[in-house]
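The sequence and structure come first.

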Amino acid sequence: YKEEGLRARLGALGEATLGAKVVLDDDGLLPIPTFIKGAPPSDTMYETYLLRLIVMASVALDNLFVCELRAALEALGDPTKTVVADRGVRIYGRGEGALLLTITRAPVKSRARMLNKLESADDHRDEPVPRPKCNVDTVRAGIVVEDAGMMAAVLEAIGAHVGRFLRSKNAFREDAQVSYGYRAFLGNLQLESGLSCRIVTSPSL
């Protein structure tokens, strides 16, 4: 971090969305039903049902998200050299074909993990109902960028072709809190899926 001067090189990334507040019922994100099986948002059962809805929507979008990431980032290298193995996609550059970056799939956030957050005062326990809407990182992937100089280009490609950044956490900043020396850039996107859904919002009789 110090030897490569990463604070100066990467510390300003994501300034516009640093620490922004995002919840799933924000405009353009996940449609949240007014009622679920007759239960209003203030009802405990509503939150139980909403957790399942979030997981189902996340599973439906998971493959699309990784495909969109791959398409956006392959343009930075040579798509003919891309290697797909297990849960990873390795993208290589043009010419001699050095490794540029690796996309690693992460499992969709589980219902059990979201339930744990509902019980934690450090997470969602005291948030306004319905609290599960605070889970905005349920479809996930990690990207390892080999050259720090490409970070800005990687973020620009993602923002332009996958979805605009809504919130960011940048642990390369000088004032960032880090654990065990681990530094990374985390971003939440508005994924433009092109998919639609029909949700019946009237209470059941």
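Leaving out neighbours within four places in sequence, Leu69 is in contact with Ile103, Ala141, Ile143, Ile158 and Val162, where contact means heavy atoms within 4.5 Å. Leu69 is part of helix α2. Because its relative accessibility is 2%, Leu69 counts as buried; buried means under 20% relative accessible area, exposed over 50%, and partly exposed in between, using a 1.4 Å probe and protein chains only. The C-alpha atoms of Leu69 and His161 are 8.0 Å apart, although 92 residues separate them along the chain.

The model is predicted: local features need pLDDT of at least 70 and side-chain atom pairs count only at pLDDT 80 or more, while totals for chains, interfaces and linings use all residues. Residues are numbered from 1 along each chain as its sequence is written, and side-chain values use heavy atoms, with hydrogens and water left out.

**A second residue of the helix**

Leu51 also lies in helix α2. With 1% relative accessibility, Leu51 counts as buried. Residues up to four places away in sequence aside, Leu51 touches Arg111, Met114, Leu115, Leu118 and Pro132. Between the C-alpha atoms of Leu51 and Pro130 there are 9.8 Å, and the two residues are 79 residues apart along the chain.

Helices (H or I, at least four residues) and strands (E, at least two) are DSSP runs, numbered from the N terminus. Axes are lines fitted to C-alpha atoms, for helices over the stretch in contact, and angles run from 0 to 180 degrees between N-to-C directions.

The axes of α2 (residues 44-74) and α3 (residues 111-119) come within 10 Å and cross at roughly 140 degrees. That angle makes α2 oblique to α3; under 35 degrees counts as roughly parallel, over 145 as roughly antiparallel, 65 to 115 as roughly perpendicular, and the rest as oblique. The crossing of α2 with α3 is right-handed, a term for a near helix turned clockwise from the far one by less than a right angle, with anticlockwise giving left-handed.

On the α2 side, Glu47, Thr48, Leu51, Arg52, Ile54 and Val55 meet Arg111, Met114, Leu115 and Leu118 of α3. By class, the residues of this contact are six nonpolar, one polar and three charged. Here Ala, Val, Leu, Ile, Met, Phe, Trp, Tyr, Cys and Pro count as nonpolar, Asp, Glu, Lys and Arg as charged, and the others, Gly among them, as polar.

Helix α4 (residues 151-161) is another partner: its axis and that of α2 come within 9 Å and cross at roughly 125 degrees. The two helices are therefore oblique to each other, and their crossing is right-handed. In this contact Glu68, Leu69, Ala72 and Leu73 of α2 meet Val154, Ala157, Ile158 and His161 of α4. Its residues comprise six nonpolar, one polar and one charged.

**The four-stranded sheet**

An open sheet has four strands in the order β1-β2-β3-β4, with antiparallel pairing. Its edge strands, each pairing on one side only, are β1 (83-85) and β4 (141-145). From one strand to the next the twist averages 15 degrees. Helix α2 lies across β1, β2, β3 (99-105) and β4, and runs at about 175 degrees to β3.

Strands pair if DSSP finds at least two bridges between them.

| Pair | Bridges | Residues between | Turn residue with positive phi |
|---|---|---|---|
| β1 and β2 | three bridges | two residues | Asp86, about 55 degrees |
| β2 and β3 | five bridges | six residues | Gly95, about 70 degrees |

Arg90 in β2 is the bridge partner of Val83, and Arg90 also stands opposite Thr102 in β3. Four of the five residues of β2 are buried, so this strand is mostly covered.

**The chain as a whole**

The chain has four helices and six strands, which run α-α-β-β-β-α-β-α-β-β from the N terminus on. Its C-alpha atoms fill a box of roughly 65 × 40 × 30 Å, taken along the principal axes. Of the 205 residues, 37% are buried. Among contacts with a separation of 6 or more, 61% are between residues 24 or more positions apart.
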